[in-house]
Amino acid sequence: MSGNLATKFGAKFLFIDPEYMGQVNFLSFFILGLTFGAFFMTWNLTTYLLHAHHFPFLASLSRPFTKFCINNGIIPFAFIITYFILVINFQAYYEYWTTGTILFNCFGFILGWITTLFLISTYLALTNKDILNYAKPRDNKPPNLVSFLMPGRRSPNLDEIKTDENILLVKTYMTETLRPRIVRSVAHYDSKLLLTIFKQNHINALTLQLASLIILITFGYFIDNPYCRIPAGASVFILASILTSISGAVTYWFEEWRVLVLVFILILINFITSHDLFNHTNKAYGLNYESKQAYYNYDALCQSCQTGMEEDKQNTIEILDNWRNKFGKEKPKMVVVCVSGGGMKAAVWAMQVLQEADSFSQGDLMKNTVMFSGASGGMIGAAYLRELYLRQQQGENINIYDKQYLDNVSKDILNSLTFTIVSNDLFLPWSTFEVDDYTYRKDRGYIFEKQLNENTHYLLDKKLIDYRQAEYNALVPMMYITPSIVNDGRRLIISSQGASFMTVPPIGQEKPDNVLVDAVDFLSLFEEQDAQNLRLTTALRMNATYPYILPNVYLPSDPAIEVMDAGFRDNLGVKSAVRFLHVFQDWVKENTSGVVMIQVLGHDRNETLEADGETQGLIESMLNPLGIVGQILSLQEYENDTNIGMLYDLLGKDNFEVLRFTYLPSKENDEASMTFHLTKREKRDIMQAIYLPENQENLIRLKNTIQAAK
């Protein structure tokens, strides 16, 4: 919640900026407070279970558990105070809320918390008995919960329970009215009776645990219903309640063996989920997993390159000819657009730049653009704008520069994702849905696409084949979506057109033994598995599969290949653009007046090196050589610049130009987080970045360069 842990995953937003039904308001905080109340009570029940026997005097009092909670309240109340400080600071600074709104929403959290406390306290009051109920003579005594719940379990020594050997010395305690009282001796009570008083809350802890589990799984089953997608922070609180109960039960039952037992449980879970019945792998929606699997090995990839390359090249040349014919006799400037990854920040920035650049150039940007490539969030923004542009070209009354579309692409997805992880994926997804008569499991990959479609009003709910004719007629630019293959590090080239020429350097066709096939044409490899029916949102999701947040996708091949974020190989899409221009360099030289590569960067290429070497400890310095792995984006930048240098040689330095539009945070703001959630301040900061001097200068250069060719 403080932002010091899992910052890049946006963990703090789940709690200090909870969202429900697309809104952060009183209701979302109320629901969060309800579930915090459950966690609060579970924590107290668990600590009571483990430690109440250290305070035997409690058993002689009325409502012993209530008094235990009050006197055990330092940690939770310190948490609540800290939480409200974080919420107030965050909402005032990042969301621009008024003081009244902030306090009202904080009251919603408190009201939810109190509501849960009241409900659980009422249940405890009806089920728990104090010592008078057990001590006075009666025909039907309360049940012996010790023997019922904990048969065979070694209990604390009954003779020591009332001695100082097994007691944390307490002289006073607070009552329900917060008044101090002196602890009185309980030596005259039967030890077994005292122990029975403590044990009666075991059944309550079990009941609360089962209720939490049932509620969580039930909400997970109804993830399609927006009303059931409670704030993700609320589902985390419910999960925390379950884990607290389980860890407390294991500790109580097995004591010093608890660590070994927990390790055994983890090993057992790993073993069980390694079998198909309990193992779930995410699939690409639209593909046929029931037919014969595609054969995946190097020989098959080489054969695919040799047999389909000329046909795919000829088809692409026809697309380029159709694009060229839009400009008449004048040789136009060809534009290729590369957009970087970086979550929702990159999606908003890419769309903002493309909107501004096309508007500033009076529509020439989209008209002159031949292809889009890139990674993660940037491609989501580019794909959304391309769809809007296509609908405009087809005659729909759409203003692609409307800021409403920026608002749509900036809407939260993180809440639904995290909620589904906690309520559904952790318990193995078991509900299903159908796409074109093929059945798939509902998991966080499914909810990502559903939430993205809801945010963009289902404009992206299309198949690859739906763009084939529009791309062929040059109504819209081609798009190369390139997730990384985990198995061997190759890139998977997803396009509505055949792209086998993108899988190997051009020399590879003449001298195949000199260079390796470094990419895979999706349409060619999975032709028999209905590759053209792949959902566009699935392709975009595969391209943005950040580890843990989204599931890696397994494709119907033998052996099965696993794909993840395109940023693993190329976070900007330069590899695709360079390969494309390399293959068609002769056509480009003959039919255009040059090429402009637009790079839309969601991060600073020239980040300052932090001088922290002097503060490294022994262990840190020993692990320092591994630090280069964390510089993967910088390594890609260096390689991209090498490839761009090659293009200057191929096309001529006067016929090739690179224009970079970079998001840089303003001086008073931190850089926007790389998650699927943005605050109002972050959105405003991203949208203001287009007015930075360097970006404004590049807008002018882009307009002049394109229009100079007319």
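Predicted model: local features only at pLDDT ≥ 70, side-chain atom pairs only at ≥ 80, totals over all residues.
Residues are numbered from 1 along each chain as its sequence is written, and side-chain values use heavy atoms, with hydrogens and water left out.

**View 1. Overview of the protein chain.** The chain holds 28 helices and 17 strands (DSSP runs of H or I, at least four residues, and of E, at least two, numbered from the N terminus). Of its 710 residues, 53% are buried (under 20% relative accessible area with a 1.4 Å probe, protein chains only). Where contacts (heavy atoms within 4.5 Å) link residues at least 6 apart in sequence, 79% join residues at least 24 apart.

**View 2. Packing of helix 2 against helix 4.** Helix 2 (residues 26-51) and helix 4 (residues 74-94) pack with axes 12 Å apart, at an angle of about 160° (lines fitted to C-alpha atoms over the stretch in contact; angles run from 0 to 180 degrees between N-to-C directions). The two helices are therefore roughly antiparallel (angles over 145 degrees). Helix 2 contributes F29, L32, F36, F40 and W43 to the contact, and helix 4 contributes I75, P76, F79, I80, Y83, V87 and Q91.

View 3. Strand 7 (residues 432-435) pairs with strand 8 (residues 438-441) in the antiparallel sense over four bridges (pairing requires at least two DSSP bridges). T432 lies opposite R441 of strand 8. Two residues separate the strands of this hairpin, and D436 in the turn has a positive phi of about 50°.

**View 4. Strand 9 beside strand 6.** Strand 6 (residues 369-374) runs parallel to strand 9 and is joined to it by four bridges. F372 has M479 of strand 9 as its bridge partner. Strand 9 (residues 478-481) is covered on both faces, with M478 and Y480 buried on one side and M479 and I481 buried on the other.

**View 5. F522 in the largest nonpolar core.** This core has 178 residues (buried Ala, Val, Leu, Ile, Met, Phe, Trp, Tyr and Cys joined through side-chain atoms within 4.5 Å). F522, L555, F580 and M597 have the most contacts inside it. Apart from neighbours within four places in sequence, F522 touches L287, L464, L492, I493, I494, A531 and L534.

Methods: Buried < 20%, exposed > 50% of the residue type's maximum accessible area, 1.4 Å probe, protein only. Parallel < 35°, antiparallel > 145°, perpendicular 65-115°, else oblique.
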